[in-house]
Amino acid sequence: MKQRKIAALALSLALALALPLAACGQSGDGAQNTGSGGSADNYPSSTITIVCPWDAGGTSDGLCRIVSEIGAGSDYFGVNMVVQNSGGAGGTVATTEFKNTAGDGYTLCQEAIGVFTLQPYVREVDYTIDDFIPVAALSNEPIIMIAGKNSGITSIDDLRAKDTVTYGFSGSGSLMELSQKQFFGMTDVEATGISYDGSAPTIAALLGGHIDVCVGHPGEVMQYVESGDAVALGIFNDERDPRDNLKDIPTFKEMGYDVTMSVWKFLMVPASTPDEIVTKITETLNAITATDEYKEFCDANQLLPLTMTTDEMVQRIKDEAAVNQALLAGES
């Protein structure tokens, strides 16, 4: 009898010790709780949120939503995915908040390049790219320089032959301004920039003959090129855009001007996210952006799907930031 009591007591003690250990390793629904330092074995097991640092509507919001729609499928993340819009201060408000988000893979943030290459030089920010890990490139939206049909400018050579030039752009300190500022800094042309409140009034000023040239994204300017009201002079890309309506526009690089500027977007996670979860997220997102559905969305919105590794994105961000900082400081 005494031996049976001892055995029963030992069994009770073993069960008592085992239960807390099991509770620590399991969430309420029986799935492992990965946490910021957890394993990717059971990731993801709950809703993933994509933070969009801009208001609903527009291509940034649209990119988040198409990724979430495809990503919820069983071939990809296979869990519910939601988009959280949090606009303000050129994307810096949401980015600053995201810096302190748990690195567990359940919250991603979509970014546009200017949040890291422009905003830190025009306002106080409490983040750098080193606080995050870019996990997937999303899209590239090139910048194209056009001239009005009555300007007498049909090529970069025509532009350089002029003694003085006026150029327009949307937003002081924007990529629209800096792309032209950097180009004209490589020429002997006396160029005067004029800022407008948005792309529509900028293009209207060009078509009305008030400025000689301006820049814009394909969705903003190509309709006027195709109608004959404007002439495409060059595109600020490393390589020619492969799309049918853009492939004949020369890059500034091939014309001898080392200027590359475009609005490109990507998804990132906090720097505290474990490597194995980062790898799983990256592989899944790359599979999403390779789908026909994603490519069709980009095509419909005049976006070019973009593919880069994490290291390539970080290096490009730092390189572009150095160029923009110098331009904003008034250096050529």
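This is a predicted model: local features need pLDDT of at least 70, side-chain atom pairs count only at pLDDT 80 or more; totals for chains, interfaces and linings use all residues.
Residues are numbered from 1 along each chain as its sequence is written. Local features need pLDDT of at least 70, side-chain atom pairs count only at pLDDT 80 or more, totals for chains, interfaces and linings use all residues, and side-chain values use heavy atoms, with hydrogens and water left out.

Trainee: What is the mean pLDDT of the protein chain?

Mentor: Good place to start! pLDDT is the predictor's confidence in each residue, from 0 to 100. In this chain, 88% of the residues reach 70 or more. The mean pLDDT is 88.

Trainee: Are H6 and H11 roughly parallel or roughly perpendicular to each other?

Mentor: Helices here are DSSP runs (H or I, at least four residues), numbered from the N terminus. H6 and helix H11 (residues 310–328) have axes 10 Å apart and an angle of about 80 degrees. Angles of 65 to 115 degrees count as roughly perpendicular. H6 and H11 are therefore roughly perpendicular.

Trainee: Which residues in H11 does H6 meet?

Mentor: From H6, the residues taking part are Leu175, Leu178, Lys181 and Gln182. Their partners in H11 are Val323, Asn324, Leu327 and Leu328.

How values were computed. Axes are lines fitted to C-alpha atoms, for helices over the stretch in contact, and angles run from 0 to 180 degrees between N-to-C directions. Helices (H or I, at least four residues) and strands (E, at least two) are DSSP runs, numbered from the N terminus. Angles under 35 degrees count as roughly parallel, over 145 as roughly antiparallel, 65 to 115 as roughly perpendicular and the rest as oblique. Contact means heavy atoms within 4.5 Å.
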